[in-house]
Amino acid sequence: MKSILISLLIQVIKQLIGSTNWAEIFQAVADAALTPGLSGAERRQRALDRIEQEVDAVGSSLTNLALEAAVQLIKSKKTG
């Protein structure tokens, strides 16, 4: 059930910010997650810094929503 909700959320996010922006945000989060030796806060900041450089103008609320959805997607893939 959780994976269905995450998939639905991602589809909504893609409609709100665009598929290309979603792909950039997801890649930034995935790359930060794979960087060893960083705390959660440091990973989040690294992803945000990259997102600010690479993603077209998207509001901060939508960026944060997409970032959190990407984190949940990565976590669900690690456990499932």
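Q: What does R50 count as, going by relative accessibility?
A: Partly exposed, because its relative accessibility is 23% (buried is under 20% relative accessible area, exposed over 50%, partly exposed in between, with a 1.4 Å probe and protein chains only). This is a predicted model, where local features need pLDDT of at least 70 and side-chain atom pairs count only at pLDDT 80 or more, while totals for chains, interfaces and linings use all residues. Residues are numbered from 1 along each chain as its sequence is written, and side-chain values use heavy atoms, leaving out hydrogens and water.

Q: Which side chain meets D31 in a salt bridge?
A: That of R50, at 2.4 Å, N to O (a salt bridge is a side-chain nitrogen of Lys or Arg within 4 Å of a carboxyl oxygen of Asp or Glu). D31 sits in helix 2 and R50 in helix 3 (residues 40-54), so the pair ties together parts 19 residues apart in sequence. Helices here are DSSP runs of H or I, at least four residues, numbered from the N terminus.

Q: And which residues are linked in a network with R50?
A: D31 and E54, through salt bridges. The R50 and E54 side chains meet at 3.4 Å, N to O, and both residues lie in helix 3, four residues apart, about one turn.

Q: How many salt bridges does a search of the whole structure find?
A: Three. One of them pairs R44 with E68, with the closest N and O atoms 2.6 Å apart. That pair links helix 3 to helix 4 (residues 60-79), 24 residues apart.

Q: New topic: what does E68 count as at 36% relative accessibility?
A: Partly exposed, and R44 is partly exposed too, at 31%.

Notes
Helices (H or I, at least four residues) and strands (E, at least two) are DSSP runs, numbered from the N terminus.
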